[in-house]
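Biologist: I would like to learn how to read a structure one feature at a time. Could we go through one together?

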Amino acid sequence: MKTKTLAGLILLLFAVSTFPVAAFAVTPKHKGFVALVGPPPWAGPGGGDETTYPWQDNDPETPWGIERVFNGNYDGDQPTTKVQVAILDTGIDLDHPDLVSNIKWTVDATGGRSADDKNGHGTHVAGTIGAVRDGNGVVGMYANVEIYAIKVLGNGGRGDWSDLVTGIYLACQGPDGIEGTADDADVISMSLGASSAPTEVHDAIIHAYNMGIVLVAAAGNEGDGDPSTEEISYPAAYAEVIAVGATNKDDAVASFSNTGSYVEVTAPGVGIYSTYKGGGYDTLSGTSMACPHVAGLVALIIAINGKMPVGTFDDTGTNTIRGYLHSTALDLGPSGWDPAYGYGLIQR
Ligand SMILES: [Ca+2]
Ligand SMILES: [Ca+2]
Ligand SMILES: [Ca+2]
Ligand SMILES: [Ca+2]
C-alpha cells in the first residue's frame, strides 16, 4: 500500500469557459475543480475553418497549431536523433496507432499497474508532441521523439502531489533507474497544475533542472482576460519551469490563459486536434494543449542542435534552450516581453 505523504492535488489544464463545463467538487481545503469540455465549434486538423492563413501547409495530417509553429515548413525538419520527452499526465493510450512506435517507456507513478490512459488528456498531449508521420491521423511537433508515458494523474484528471514528485524523479532516472545515463529524460512536459504546491514539488523541479532537464508546464486556465492581473499556477510559476500560455488561430491569447510575470511563451491552445483515448482523435482547448507544442519544439531543437544548457527566464541568446525559444518567438501584443504572451508565440 502506497503512503501519501503530501497533501493536495494537481489538476489537468484543459478548459474554456465558453464551452460546456462540468465542475466537480473536491476537498474544500484545496478549492480545486476539474473542467471537462465538449468539442469546440470546429474540429479536425484544419479546424473546419475556411479562413486562409499564410502559415497553412494544406497537409491534412498537420494540425493547425503545428502548421502555425512551423509556418508551413514542417517536412524536411524532422531528424531522427534520439530525444526523450517524459509526459507526466493521465497516461497515454499505449496501443494508439499514431503513438505506439514512439512510446519507449511506460510507468504508473500513481501506484496502479498501467500507464494506459483512461481519460484521454495525456493521449492528446502525447499526439501534439510526437504523433508519427504515417499519412494517417495527426503528426506531432517532433515525429521521431521517444516518449516516456509517466502516469501521475488519476483517470478523473486529478492527482496527488506526491505522485507528481515520484513522476519527476522517475523521469530523471529514465527506464534504467539510474540518474546521469543516456536514457534520462531530456524534457518533462506537465499539462497540469494548481494555485499552490508543497515544497517537495519545487525540490523535485530544482533537482531535474540541475540535471539539465528542460521543464515545461501549462500556465493555467484561470485567466480573466485581463493581462494586468496575475493568475498563478504551479509548477508553471516556478523559475525553473517554462510556463506556456495559449493562443488561437488569430494569434490572440485565449481569454482563459493565465497572465503574469512568470508567463514565458505562448503556443497554440484553442481548438487543437490530436490523438485521444481508444485509438481515437479529438479537439480540445486549454493551456494543456499549448504546453506540448513547446515540449515538442524543445525536443526538436535538441535533436537538431544537440544538448544545450536549459538557461533562465531572462536569457535572450541562442546558446541556451530558453534563450533560443525567447529569441525565435514571434513578439505579439505590447512590444517585447509582456505578461500575456511572454516573449511571444513559439516559432520553428
Ligand atoms: Ca500520423
Ligand atoms: Ca537513466
Ligand atoms: Ca489576468
Ligand atoms: Ca510582446
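**Reading strands, helices and turns**

Modeller: Strand S11 (residues 272-276) is joined to strand S12 (residues 280-284) by 5 bridges, and the two run antiparallel. Keep in mind that this is a predicted model.

Biologist: Which residue stands opposite Ile272 in S12?

Modeller: Leu284 of S12 stands opposite Ile272. S11 and S12 form a hairpin, with 3 residues between them.

Biologist: Which residue in the turn has a positive phi?

Modeller: Gly278, with a phi of about 70°. As for burial, 5 of the 5 residues of S11 are buried, and the strand is mostly covered.

Biologist: Now the sheet. In what order do the strands of the open sheet come?

Modeller: The order is S3-S4-S2-S6-S8-S9-S10, which makes 7 strands with parallel pairing. Strand S3 (103-108) and strand S10 (263-268) are at the edges; each has a single partner strand, so one side of each has no neighbour in the sheet. On average, neighbouring strands of this sheet are turned by 25° against each other, with direction ignored.

Biologist: How do I follow one strand to its partners?

Modeller: Take strand S6 (residues 187-190). Strand S2 (residues 84-89) runs parallel to S6 and is joined to it by 4 bridges. S6 also pairs with strand S8 (residues 214-218), again in the parallel sense and over 4 bridges.

Biologist: Are the faces of S6 covered or open?

Modeller: Both faces are covered. Val187 and Ser189 on one side are buried, and so are Ile188 and Met190 on the other.

Biologist: What of the pairing between S2 and strand S4 (residues 146-151)?

Modeller: S2 and S4 pair over 6 bridges in the parallel sense. Within S4, Lys151 is the bridge partner of Asp89.

Biologist: Next, the core. How many residues does the largest nonpolar core have?

Modeller: The largest nonpolar core has 100 residues. Those with the most contacts inside it are Val85, Ile87, Ile150, Val216 and Val244. Helix H5 (residues 287-305) gives the most to this core, with 11 residues.

Biologist: What does Val216 touch?

Modeller: Leaving out residues up to four places away in sequence, Val216 touches Val187, Ser189, Met190, Ile242, Val244, Cys291, Val294, Ala295 and Val298.

Biologist: How does one describe two helices that pack together?

Modeller: Two packed helices are described by the angle between their axes and the distance between the axes. Here, the axes of helix H3 (residues 161-173) and helix H4 (residues 199-210) come within 9 Å and cross at roughly 10°. That makes H3 roughly parallel to H4, since angles under 35 degrees count as roughly parallel.

Biologist: Which residues make the contact between H3 and H4?

Modeller: From H3 there are Trp161, Leu164, Val165, Ile168, Tyr169, Ala171 and Cys172. From H4 there are Glu200, Val201, Ala204, Ile205, His207 and Ala208. By class, the contact has 11 nonpolar, 1 polar and 1 charged residues.

Biologist: Why is helix H6 (residues 321-328) described as largely enclosed?

Modeller: Because 6 of the 8 residues of H6 are buried, the rest of the structure largely encloses this helix. The buried residues are Ile321, Arg322, Gly323, Tyr324, Leu325 and His326. What covers the buried residues of H6 includes S8, strand S9 (241-247), S10 and H5.

Biologist: What is the phi of Asn58, and what is that of Asn71?

Modeller: Asn58 is not a glycine, yet has a positive phi of about 60°. Asn58 sits in the loop between strand S1 (10-12) and helix H1 (64-70). Asn71, also not a glycine, has a positive phi of about 55°, and is found in the loop between H1 and S2.

Biologist: Why does Asn58 count as exposed and Asn71 as partly exposed?

Modeller: Asn58 is exposed because 9 other C-beta atoms lie within 10 Å, and exposed means 12 or fewer. Asn71 has 15 C-beta neighbours inside 10 Å, so Asn71 counts as partly exposed.

Note on methods. Residues are numbered from 1 along each chain as its sequence is written. Chains are lettered from A and ligands numbered from 1 in the order in which they are written. This is a predicted model: local features need pLDDT of at least 70, side-chain atom pairs count only at pLDDT 80 or more; totals for chains, interfaces and linings use all residues. A residue is buried if 20 or more other C-beta atoms lie within 10 Å of its own, exposed if 12 or fewer, and partly exposed in between; C-beta atoms are placed from the backbone. Two strands pair if DSSP finds at least two bridges between them. Axes are lines fitted to C-alpha atoms, for helices over the stretch in contact, and angles run from 0 to 180 degrees between N-to-C directions. A nonpolar core is a set of buried Ala, Val, Leu, Ile, Met, Phe, Trp, Tyr and Cys residues joined through C-beta atoms within 7 Å. Two residues are in contact if their C-beta atoms, placed from the backbone, lie within 7 Å. Angles under 35 degrees count as roughly parallel, over 145 as roughly antiparallel, 65 to 115 as roughly perpendicular and the rest as oblique. Ala, Val, Leu, Ile, Met, Phe, Trp, Tyr, Cys and Pro count as nonpolar, Asp, Glu, Lys and Arg as charged, and the others, Gly among them, as polar.
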